[in-house]
Amino acid sequence: MSSQWDLAIEIVTTLRQAGHIALFAGGCVRDLLLGKTPKDYDVATSANPEEVQQLFGYRRTKAVGASFGVIMVLPARKKGEPHHKSDQPAIPPVEVATFRKDGLYVDGRRPETVTFSSPEEDAQRRDFTINGMFFDPLTETVHDFVGGQIDLQSRQLRAIGIAADRFKEDKLRLLRAVRFNSILDFSIEFETWRAIQDLAPEICVVSHERIAAELRRMLAHPSRHSSIQTLDHAGLTAAIFGQTLSATSPELLLALKALKTDHFETAMALWLRELPVETLRNICSQLRLSNQERDSIVWLHTMQSAWQEFSHWPVCRQKRLLAHPLISELIASGQALVSAQLLESRHVDAAIERLQSWSKEEIDPPLQVTGEDLIHWGISPGPQFKQILEQLRDGQLAGRLCSREAAHQWLVDENYLPRT
Ligand code: ATP
Ligand code: MG
């Protein structure tokens, strides 16, 4: 077995041999019909969760969402074989979900109860027609109870059933709609769009983590400008960020369109470039982004204005910037701003030229003098310590303090060390 496709086929075959209905379901069917490689394969079956676990064995299965009837099935392992060979990527487990009908939604996110049911009813609980189809990989037939194929052909995103009801049930679907619409470059069907606009203010009942997860996927994709424009038009930007942000300028949308990276933080820093850095920090913590994400966003946001002066900076400062791990992201956002005529190209060009002409060793040489050396020479750790090391590094980058002797002499000249 070498791929998740093989695993999904094995699962469908085994379930069918045991007398159950088993079909590919949801997003993977959509992607297969669009000729795209699905991100993952989901299987829907008439077998109940216990039957799935018995059939594949308890060692190969995990009841991740047992109350919703979801069991993860892992690839089979021969005795004594490790989980996966280290030279090959691991095959992700396949989610096997029992056909179900959702009960009442109470908290704007999840149904209170579910009952196991038929493929027809299972299709009705899914979000959009293009996500509501099943596919039999053994006979290569599509089972479409919701008109998904027609909408795929006419490239329309349409909620299954009454749009307003579907978004009221689960408000995360508001963001999923924007994401699918932009990533697939579809249009949004009229009633679906009206419901999204009406219900946008209710996005705040969705957890910040889930909102952030959707934003990550939208902003990491080249269609991010379209997602952002749709979020703005729907009133979702304002609902997520409050008064701080509600509309993105046409120039900035152009820059976001021109941005060539799949780095979420870079897109986020560019999108929010006009906000003060403190507001940006608040947004990052409100969305529960990781500290690393927040630091990267803040750094990229702060540095975006640095381009205005780059070619006038002293060499050591230029080298410090070029040695930063996010420099290629910063350059990508600089180039995007240039394409949108929000920045003159000469400073970004100068940075790229320096990056190409200086070797890695020149930009980020190993330190001549370390903290241990300073202690050894008699400087005790204290408030000055970091500052001294920074100055020594700057001196080294500028080509002045390139030997330990020169560094020692500089410490004496600056009165950090006594003359001997
Ligand atoms: P992708 O994995 O590319 O994001 P997907 O459509 O496969 O897209 P998943 O989140 O993997 O999305 O969900 C699989 C399927 O489960 C969806 O296609 C849809 O049928 C259903 N689904 C997922 N989330 C919801 C939801 N919030 N409301 C209704 N149905 C949903
Ligand atoms: Mg999926």
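1. The model is a predicted one, and the protein is divided into domain 1 (1–154), domain 2 (158–248), domain 3 (250–364) and domain 4 (371–413).

2. Seven strands form an open sheet with mixed pairing, in the order β3-β4-β5-β2-β1-β8-β9. Its edges are β3 (61–65) and β9 (141–143), each of which pairs on one side only, and from one strand to the next the twist averages 35 degrees.

3. Within this sheet, β4 (residues 70–73) and β5 (residues 94–98) are joined by four bridges in the antiparallel sense, and M72 has E95 of β5 as its bridge partner. Helix α1 (residues 4–17) packs on the sheet, where it touches β1 (22–25), β2 (42–45), β4, β5 and β8 (134–136), and its direction makes about 150 degrees with that of β1.

4. Turning to domain 3 and domain 4, their C-alpha centres lie 30 Å apart, and eight residues of domain 3 are in contact with five residues of domain 4. The area buried between them is about 560 Å², with 44% given by carbon and sulfur atoms; on the domain 3 side, C316, K319 and R320 lose the most area, together 78% of what that side buries.

5. Three salt bridges are counted between domain 3 and domain 4, and the side chains of R320 and D394 meet in a salt bridge at 2.4 Å, N to O. Both α16 (315–322) and α19 (360–363) supply at least two residues of the domain 3 side of this contact, and α16 gives the largest share, four residues.

Terms used. Residues numbered from 1 in each chain as written. Chains lettered and ligands numbered in written order. Predicted model: local features only at pLDDT ≥ 70, side-chain atom pairs only at ≥ 80, totals over all residues. Heavy atoms only, no water. Pairing = 2+ DSSP bridges. Axes fitted to C-alpha atoms, helices over the stretch in contact; angles between N-to-C directions. Contact = heavy atoms within 4.5 Å. Domains from an automatic or database assignment. Buried area = accessible area lost by both parts, 1.4 Å probe. Salt bridge = Lys/Arg side-chain N within 4 Å of Asp/Glu carboxyl O.
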